Amino acid sequence: MAVRLKCDSGRQEQGFGFEHRPFWEFASLVIKSLIMFMKVVCGVSFIALVVIAMQPPVRWASFMQFAQWALLAGIYAYMLGELEGLFSRVLQSPRNLFSSESIRSIRVISFLFFFLFVLGTIFSIIAYVVAVRSFPIFNFQFPFAGFPSSAEWEAVFSRDGVAHIQQLVSIDLAPLFAAVIVWGLSYLFAYSEKLQQEQDRVI
């Protein structure tokens, strides 16, 4: 009886993998393309930072813009890399979807969302302090609005920056909410992994 159940389980796993394999392959290909694009953006932004820094006087507005783009592209590339790794493991075996490696990848993505929240807050505070020369009052917003725009950086480092800069620093809560949701999702995966292991022991 146990042997028959185990064989049935194996056939179900193969059926699942064969049925959904085109989706996972397509998703993996799309993510790999996005990773390459983000790496290119990160590399170009880093080169622009070096060029700007080597041409005095330094154009700080452009420097800060490219610094933001380099950091964002690097973080998104790493985040997508974790997601692509998860998809690759599923392509090897559908059972890998609920594994310790997948849980680790999900928690890394959660941490990176939190890191985005921290970075956006830091850049917003820098923009305000440079323009106004005082500690800011915070304004919490949703969705993504935490990183200063190119126009705001231009205003910060211009002569009339104080007139154009917002009186409140916008703190973007969207990455923080995303971090909490994805972290909670990791516990769901951990529970699914536990159920999968218990099912294997029963079989």
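## Report on a predicted helical chain

The protein chain has six helices and two strands, and the model described here is a predicted one. Read from the N terminus, the elements of the protein chain follow the order α-α-α-β-α-α-β-α. Of the 203 residues in the protein chain, 37% are buried, while the accessible surface comes to about 12400 Å², with 70% of that area belonging to carbon and sulfur atoms. Among the contacts in the protein chain with a separation of 6 or more, 82% are between residues 24 or more positions apart.

Helix 1 covers residues 2–53 and includes Phe26. Together with Val30 and Leu34, Phe26 forms a nonpolar patch on the surface, and the three residues have about 270 Å² of accessible area together. Phe26 counts as exposed because its relative accessible area is 57%, which is over the 50% cut-off. The loop between helix 1 and helix 2 holds Pro57, and Pro56 is joined to Pro57 by a cis peptide bond with an omega of about -5°. In general, most peptide bonds are trans.

**Salt bridges**

Side chains of opposite charge can pair when their charged atoms come close. A search of the whole structure finds two salt bridges, which are listed in the table.

| Salt bridge | Closest N and O atoms |
|---|---|
| Glu84 and Lys32 | 3.8 Å |
| Glu82 and Arg104 | 3.0 Å |

In the pair of Glu84 and Lys32, with its closest N and O atoms 3.8 Å apart, distant parts of the chain are linked, since Glu84 belongs to helix 2 (residues 60–92) and Lys32 to helix 1, 52 residues apart. Glu84 is buried at 12% relative accessibility, whereas Lys32 is partly exposed at 44%.

**Aromatic pairs**

The whole structure contains six aromatic pairs according to the search. One of these is the edge-to-face pair of Phe66 and Trp69, with 5.1 Å centre to centre and 85° between the planes. Because Phe66 and Trp69 are three residues apart in helix 2, about one helical turn separates them. Phe66 is partly exposed at 22% relative accessible area, and Trp69 is also partly exposed, at 38%. The rings of Phe98 and Phe189 have their centres 5.1 Å apart and their planes at 55°, so this pair is tilted. Since Phe98 lies in the loop between helix 2 and helix 3 and Phe189 in helix 6, the pair ties together parts that are 91 residues apart in sequence. Phe98 is partly exposed, with a relative accessible area of 27%, but Phe189 is buried, with 14%.

Ser186 lies in helix 6 (residues 174–202), and because its relative accessibility is 0%, Ser186 counts as buried.

Key:
Residues are numbered from 1 along each chain as its sequence is written. This is a predicted model: local features need pLDDT of at least 70, side-chain atom pairs count only at pLDDT 80 or more; totals for chains, interfaces and linings use all residues. Side-chain values use heavy atoms; hydrogens and water are left out. Helices (H or I, at least four residues) and strands (E, at least two) are DSSP runs, numbered from the N terminus. Buried means under 20% relative accessible area, exposed over 50%, partly exposed in between (1.4 Å probe, protein chains only). Patches are made of residues with over 30% relative accessible area and no salt bridge: like charges are joined within 9 Å, nonpolar side chains (Val, Leu, Ile, Met, Phe, Trp, Tyr) within 5 Å. Accessible areas come from the Shrake-Rupley method with a 1.4 Å probe; for residues, only the protein chains shown count as cover. A salt bridge is a side-chain nitrogen of Lys or Arg within 4 Å of a carboxyl oxygen of Asp or Glu. Contact means heavy atoms within 4.5 Å. Rings of Phe, Tyr and Trp (its six-membered ring) pair if their centres lie within 6.5 Å; planes under 30 degrees apart count as stacked, over 60 as edge-to-face and the rest as tilted.
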